[in-house]
Amino acid sequence: KIQKKNHTGYMVFDSVDPCHLYVYIILVHLFFCVRPRQRNRQFHRSTWMTSPKDSWPRFSRPGISMTLLESKDGIQYFTFEHSRDYQQVQFKFLDAVESMDPNNIVALLQLNPYHIDSLLQLSDVCRIQEDQEMARDLIERALYSFECAFHPLFSLTSGTSRLDYLRPENRAFYLALYKHMMFLEKRGCPRTALEYCKLILSLDPDSDPLCMLLLVDFLTLRSREYHSLLQLHQDWEEHRNLSQLPNFAFSTALCHFHLSQQEDTDPEESDKQRQIADQMLQDALIMFPGVLMPLLDLCTVQADPAVTSHSFFGPKSQQPPALAELTALYVGRTFNLWREAAVMLWLEESVKEVLCRVNAKDPLVEDCQNKRKQRYQSAPRNIHRHVLLSEIKEATSSLPLEVTTQPVMGFDPLPPLDSVISYTRPERQHAGASNESTLSLFFRSLLPNFNLQVSCMNTQNQSGR
């Protein structure tokens, strides 16, 4: 009961249950205070890979879904699928890339703020223009869109979920993960980046389309997870021949060296680790002598004249094309790991021992030379793709002509030659035959408004002046 007024003129409550009064007060608070705030609040789905931001556009499913293709021997094979509406947006995106105007991609994103390829392409443009924050934000938005489309059975951590890189709908997920991983590494989060590296590798460990085996050793060393790298090498060596990759040959030796240097290691165990490190580094230098001089150059270390003048390490030593590509990639990526004074002293001692073994005509030297001649003549397509994504200039300059003379699109670099196509783009009428060079097409993939002919004309005009 509520008595409107008493003799004092104030409202009073008469015979009201205190519990009812509390409920009444809470309801009034919710109605007048909370509801207006919630009207402008966005409710995002809880995700693992990224944390949704309130600054992002309101999320609506862009038309991407995931389907379970089959389950076999405990492995589940999935694929992303595009709806008809999303396919139309994809066609418009390709038109925007060909227009060479990044504003067209921006306009497309305004209407379709979670279109994956547009986010990836615009992220590259922002990164080149040194807007790292926006570049990262666009990649995170793409990952969020993917995760919202996950199949209920798809797992990021079990290691039993597979995505076929041959399907174009799946490739953007690989690329988004890779770019996010590299942003994490540059921000000083190598352990998180390592987990993403393992995730990408687990999606297709047999084909390894982005060749993450060329990167996992670097991130493991950065994370100081030495035992983890040695375990991976032991488990995969038999069926993947990891020791035939320069990065594993040198990085595993570096792991043993760091284990020998740890203060809490038993002296006997420390000596054992150091002996293993010495032997492995010497074997790596004998198998891959082309690593030494570029590594010393990037470490700004002047090599001993006895080393530079020797035919084994000197300029006369030649490498097959594929080995030169792998060597440049490893040196350009990991040279900072070798700059420590203790590591450099260890390297110097090992080089001297190698020269003694070479001069003594150690049988291993000739055996490794024959192996280098027989192998490494040509690298598979996934290694070329990895080099392009790494953007390490020492490695990209060593790419073969069959890669550098074809257009490379940033949203799908070097697509597989046997792609599984689920839908095709309608034919379009072109005004004339294209006369663009590979260099122009490459820059167009990164900066769609780049025009090589206009740039050359401007350069010539400036030179004439």
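Residues are numbered from 1 along each chain as its sequence is written. In this predicted model, local features need pLDDT of at least 70 and side-chain atom pairs count only at pLDDT 80 or more, while totals for chains, interfaces and linings use all residues, and side-chain values use heavy atoms, with hydrogens and water left out.

Colleague: How much space lies in the second largest pocket?
Modeller: On a 1 Å grid over the protein atoms alone, a pocket is an open set of points with protein on both sides within 12 Å along at least five of seven lines. Points are joined across faces, edges and corners, and a volume is the space filled by probe spheres set on them. For the second largest pocket this space is about 690 Å³.

Colleague: Which element gives the most residues to the lining of the second largest pocket?
Modeller: Lining residues have an atom within 4 Å of a point, and this pocket has 30 of them, with Q90, L94, P168, F411 and D412 the closest to its centre. Helices (H or I, at least four residues) are DSSP runs, numbered from the N terminus. Two or more residues come from each of α2 (84-98), α4 (116-128), α6 (168-186) and α20 (438-446). With 6 residues, the most is given by α2.

Colleague: Are α4 and α6 roughly parallel or roughly perpendicular?
Modeller: Axes are lines fitted to C-alpha atoms, for helices over the stretch in contact, and angles run from 0 to 180 degrees between N-to-C directions. Angles under 35 degrees count as roughly parallel, over 145 as roughly antiparallel, 65 to 115 as roughly perpendicular and the rest as oblique. The axes of α4 and α6 lie 10 Å apart, at an angle of about 30°. The two helices are therefore roughly parallel.

Colleague: Is the crossing of α3 and α4 left-handed or right-handed?
Modeller: Helix α3 (residues 102-111) packs on α4 at about 135°, with axes 10 Å apart, and the pair is therefore oblique. A crossing is left-handed if the near helix is turned anticlockwise from the far one by less than a right angle, and right-handed if clockwise. The crossing of α3 and α4 is left-handed.

Colleague: Which element gives the most to the lining of the largest cavity?
Modeller: A cavity is a set of points where a 1.4 Å probe fits but cannot get out, and the largest has a volume of about 50 Å³. L214, P246, N247, L326, L329, Y330 and R333 line this cavity, with two or more residues from each of α10 (246-261) and α14 (321-334). The most, 4 residues, is given by α14.

Colleague: Which residues of α15 make the contact with α10?
Modeller: The axes of α10 and helix α15 (residues 341-359) come within 12 Å and cross at roughly 120°, so α10 is oblique to α15. Their crossing is right-handed. From α10, the contact uses A253, L254, F257 and H258, and from α15 it uses A342, V343 and W346.

Methods:
Contact = heavy atoms within 4.5 Å.
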